[in-house]
Amino acid sequence: MKIKLPKKIFFAIIIFCGCFLQAQTVTGKVTSSNLPLPGASIIVKGTNNGSSSDFDGNYTINNVPSNAILVISYLGYVTREVAVEGRSVVDVSLEEDENALSEVVVVGYGTKKKSVVTGAISSVSSKQFESASNQRVEQVLQGRVSGVTVSSSSGSPGQGAQIRIRGAGSSGNSEPLYIVDGMKTSSIVDIAPSDIANIEILKDAASAAIYGTEGANGVVLITTKAGRTGELKLSFNTQIGTQFANTDLELMDASQFVQYMNEAGFTNVVDNGVNTNWLDETFTNATIQRYDINASGGGEKTNYYASASVLDQDGIVGGKNSNFRRTTFRFNIKSQVANWLELGANSTVSFSDRNGITENNDTRGVIQNALILDPLTPVFYGDGQVPQSVIDNSANAGDNGVPLLTNSNGRVYGYPTYSTGEVVNPLALANAINNNTFDSSNFLTTLYAKFSILEGLNFTTRYGYERSIDENISTSNPYFVSSEASNTAYNGSQNVFKTNRWLWENFASYDKSFGKHNFSLLVGYSAEERNVVQPISRSGSIAIEDFNGFDFDLPELNEFNNITFPFKDNLVSTFGRLSYNFDDKYLFEGSLRADRSDKFPTANKTGVFPAASIGWVASKENFWGDDPIFDFFKVRASWGENGSRANLGGNSDQTFIITTLNGLGIDYLGNVGAQISGFANENLVWETSEQLNFGIDLRALDNRLRFTTEYYKKTTRDLIVLDGGLITPGSAGFTSNSFNAGTIVNQGLEFEVGYSDSTDSGFRYSINANLSTLDNEVTEILFVPEGTSLVGAGAPQNPDGVTRFAEGQPAWSFFGFETDGIDPATGEVIRVDTNGDNVIDNNDKTFIGSPHPDVLYGGNINLGYKNFDFNLQFQGTIGNEIFSTYHQPSRPLSNKPEHFYTERWTGPGDTNANFPGALNVNDAYDSDLVLEDGTYMRIKQIQLGYTLPESITSKLKMSNTRIYVSLDDFFTFTKYRGLDPEVGNFGFNSVGVDRGYYPTAAKLIFGLSVNF
């Protein structure tokens, strides 16, 4: 008994002390230079118990043993381990990691300290856009990175944007290569911006050469968020707002239109008491809402990140008829299952539904019709006021007549009072005539295993898989407005595409240091394949009397199933990279990649792409001194070659012979005939981009000032053009396949500068700006007669092309007549006789402008004081032109912008006119009179936020809560008199062509961000 009792007491004391150790709560504050560090990670070493600091740097962790060690980390700062030693309050101060300078950037097949990077790489982190209202990844990049042009294809919800890295490097597709968590993807529309951790843009050839044949137009590397070691963390973010058109464009009102038409000789045009502002009627306020939720956490060996995102955005034209809804789910997991093995997976699945109006059309687009329909047409007719001519025309159309155009309440839309031809009521076109739906589902996953074989030697095998199903359904209801604008049946089409892509990569890396010598070697092999199948393609018409709804299984619809596109799209590659630096001071990197693709002829299937770069960190030299002006100074240079196969469908080395044409057998004098549809080009070679780059990186004033500048020259040779018909004589009787067309040179300067600091009173600020110049020129063009060019985008007023691809000009420059004012005596346009033959004809058309900006710039200003924060972001271009093609010269009774009226010639002796008299206005439409300066600056965001104090959030069991209000795309400064100067386009040869552009909506956004 005497022995056992002390043992019991001893064990009881141990248990009691253990309980005490487990029950302790530790609080504290994480700071740097006496300023709070929000978002720092605090973990109990060896466990998954942890927390993160709030806006004021405060943290709380429960169940902390008194002898525990806390691990405190924050990006860009030296990680610290601090013993608790029984304390309940542990304050920690972190120091900046000067050696890291301080970031690690993602490069092809690995990461690298930014201080030893020798290529041109720009980074965008999630902190730069986490509260932005950008709904697509492309929009995130706009104005944030030098040398990168982002132009919206359309302001319609869900539509994409064109990204150009250092200019258009091709006569066709110049999109960069997109890599998401190591997997190549054809589209980034399905990536929720809230899931992105950081984006790297590889701009020069040396950085992108490791991707060989697909790096010619630059590479966008997207890394999604990963879990953090520690207890479960939940975040919820929402944005709710309203959108509206914000434009200065004014059209002629009724009285101006009547006078203008009378002056043009149409004396039958009289004022009928109607004065419709079609822009006000077509544009409407629209809602936007987004909800993001994510969970992350993990233990010592495994961490995870899971998220869901829902976006629902109506359009400012057509409302629900141009709506976009996207639902995205993501799950990322990483596990260190053994000291020698790491496994991971990154997966996302998304579903999107988009309703689209007819746009980007200079004869039948909704917005184009709003711009040209006469203001004397009512939006709706009153009861009993439908003109008899409208009733009779509809009743007599087709075999049994067609219904009148009505809205859901049965009100009849106004039919054009004076405008003729294809012109229709834009609201009827958007709501009662056409309907287009685009449904898409996408699955993207990357699985990898990383083996640590020896110290410094790692081997990674990675498999990526992408699958998408896209369905497009288009329907058109019967109506009759005019012989050119009519439909006497219900028409419909359905097309489904299935795309599969797999990519298997295997690469080994070896890192070795001895003394001040540091080596890194990478070698790898990859294989990939992409297949496209069209399982459903059907279309047809249903008579009015037989119509009971669109059913695509009806026999009236022609059906073609399981269409397989007959070309191979595969790639087999080997690649390697050697990096060396001495004392992080003298830097060298070289890479080589060989790609073999079946898209090319047998003799030219393989392309080899080398690159090399060097750098010198001068600030590490002994002569730099102990108290220099600059904290860090690096110069670097690079050279390399990249390829592009994005413009090639495949089978260009094969001659195709067909025996049917338009569904009918070819007949030749009663015999079965055949026809060549595509003539082989066995000499086709890889499109190759050679780039030279020089750069300087510096930091000063205790790293508060950051500056980077680059000079680049990118020469793209053997440009691939798909349309062989451009060089095939009409007498040939067939069309040639793809061919190599010539050379484009892009060159310019880039600047990025930033300054950030804070004061003892708690005021924080940072200013970042970027600017780049761009000179784009076609220096060689092949296979066309001297003095001629490839014809690009067409327009009603310029059937021989408003854009051209020609030697000595920027790619796809604008083409038309130069003018020299308005004749004061006649009011006619004075066209310039450019060829000097004293005759004005189409031979006098010349190059009148470029869609490419001379200068691009952007920046942001961030301010903070205590719990308040303010952000302003801006972006713009200088020196690009816009060609307006929405005018309809073949339909003279159409409306026009107000300045056509206020600046017109009014009579003999008028010397102040900028536009011709109404009688001669058609002569303006294929000239520089409809070419305008596209220079603009747009305030992308003005946002004010407030973070709730800890005294409130702690009671609500929240770690951080922020509310904000934001004005996005609200202010635009420009001389362009169209709807929106930010005119992109869907076609590579139509950039800057305004066919009635769907403008970017201004937004008023209210946001909430909550962390638990």
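A strand here is a DSSP run of at least two residues, labelled E and numbered from the N terminus. Keep that in mind for what follows. The model I am showing is predicted.

Which strand gives the most to the nonpolar patch? That is E28, with three residues. The members are Tyr510, Phe514, Phe519, Leu521, Val523, Leu578, Phe588 and Ile614, and together they have about 680 Å² of accessible area.

Take one of those members, Phe588. Phe588 sits in strand E31, which covers residues 586-597.

Now a contrasting case, Gln941. Gln941 belongs to strand E57, residues 936-947. Its relative accessible area is 4%, and under 20% is called buried, so Gln941 is buried. The side chain of Gln941 makes a polar contact with the side chain of Asn871, at 2.7 Å.

Next, the aromatic rings. How many aromatic pairs does the structure hold? The count is 28. Some ring pairs link up into a cluster, made of Tyr109, Tyr211, Phe507 and Phe575.

Last, charges over rings. The charged end of Arg804 sits over the ring of Phe815, 4.0 Å from the ring's centre. Arg904 lies over the face of Tyr901, and there the distance to the ring centre is 4.1 Å.

That is all I have.

Terms used:
Residues are numbered from 1 along each chain as its sequence is written. This is a predicted model: local features need pLDDT of at least 70, side-chain atom pairs count only at pLDDT 80 or more; totals for chains, interfaces and linings use all residues. Side-chain values use heavy atoms; hydrogens and water are left out. Rings of Phe, Tyr and Trp (its six-membered ring) pair if their centres lie within 6.5 Å; planes under 30 degrees apart count as stacked, over 60 as edge-to-face and the rest as tilted. A charge sits over a ring if NZ of Lys or CZ of Arg is within 6 Å of the ring centre and within 35 degrees of the ring normal. Patches are made of residues with over 30% relative accessible area and no salt bridge: like charges are joined within 9 Å, nonpolar side chains (Val, Leu, Ile, Met, Phe, Trp, Tyr) within 5 Å. Accessible areas come from the Shrake-Rupley method with a 1.4 Å probe; for residues, only the protein chains shown count as cover. A salt bridge is a side-chain nitrogen of Lys or Arg within 4 Å of a carboxyl oxygen of Asp or Glu. Helices (H or I, at least four residues) and strands (E, at least two) are DSSP runs, numbered from the N terminus. Buried means under 20% relative accessible area, exposed over 50%, partly exposed in between (1.4 Å probe, protein chains only). A polar contact is a pair of N or O atoms within 3.5 Å; within protein, one must be able to donate a hydrogen and the other to accept it, and residues adjacent in sequence count only if both atoms are side-chain atoms.
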